[in-house]
Amino acid sequence: MSEIDDKLNEKLRQQMDGLFDEDEEQRFRLIAKSYAMCENSIAVLSNLRTDKSYIYYGRTSNVLGFEPAGSYEKMTWFSK
C-alpha cells in the first residue's frame, strides 16, 4: 500500500462513525440484501472502521458464475 493509502486509512479509522449496535448493522445488511435481490445485482456493504464487508448476491451472480442468488459472504479485512 502506498503512503497516501496508509494515511487515509488511519484518518478513516479515527472517525467515530461506523460503530453501530447489532440491530442497526442488521438493518443496513437487510437493505443491501434487499437491493441485490430487487435489482438482480451484487451489493457490497463495507464498514471500514471494523474492517468487515458483506457481499450480497442477486441473480446477476448466477450469470457471472459467482455464488447463488440469495446468498451472501462475510469478509474480514486485516490492517497492518
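1. N62 touches E67, P68 and A69, leaving aside residues up to four places away in sequence; contact here means heavy atoms within 4.5 Å. The side chain of N62 also reaches the backbone nitrogen of A69 at 3.1 Å. This is a predicted model, in which local features need pLDDT of at least 70 and side-chain atom pairs count only at pLDDT 80 or more, while totals for chains, interfaces and linings use all residues. Residues are numbered from 1 along each chain as its sequence is written, and side-chain values use heavy atoms, without hydrogens and water.

2. N62 lies in helix 3; helices (H or I, at least four residues) and strands (E, at least two) are DSSP runs numbered from the N terminus. N62 is partly exposed because its relative accessible area is 45% (buried is under 20%, exposed over 50%, partly exposed in between; 1.4 Å probe, protein chains only).

3. I42, V44, V63, L64 and F66 make up a nonpolar surface patch with about 500 Å² of accessible area together. Patch members have over 30% relative accessible area and no salt bridge, with nonpolar side chains (Val, Leu, Ile, Met, Phe, Trp, Tyr) joined within 5 Å and like charges within 9 Å; areas are Shrake-Rupley values with a 1.4 Å probe, only the protein chains shown counting as cover for residues. Strand 1 (42–47) and helix 3 (60–64) each supply at least two of the patch residues. I42, in strand 1, counts as partly exposed because its relative accessibility is 31%.

4. The count of salt bridges is 1, the rule being a side-chain nitrogen of Lys or Arg within 4 Å of a carboxyl oxygen of Asp or Glu. E25 pairs with K52, and the closest N and O atoms are 3.4 Å apart. The pair links distant parts of the chain, 27 residues apart: E25 in helix 2 (residues 22–39) and K52 in strand 2 (residues 52–57). E25 counts as buried because its relative accessibility is 17%.

Note on methods:
A polar contact is a pair of N or O atoms within 3.5 Å; within protein, one must be able to donate a hydrogen and the other to accept it, and residues adjacent in sequence count only if both atoms are side-chain atoms.
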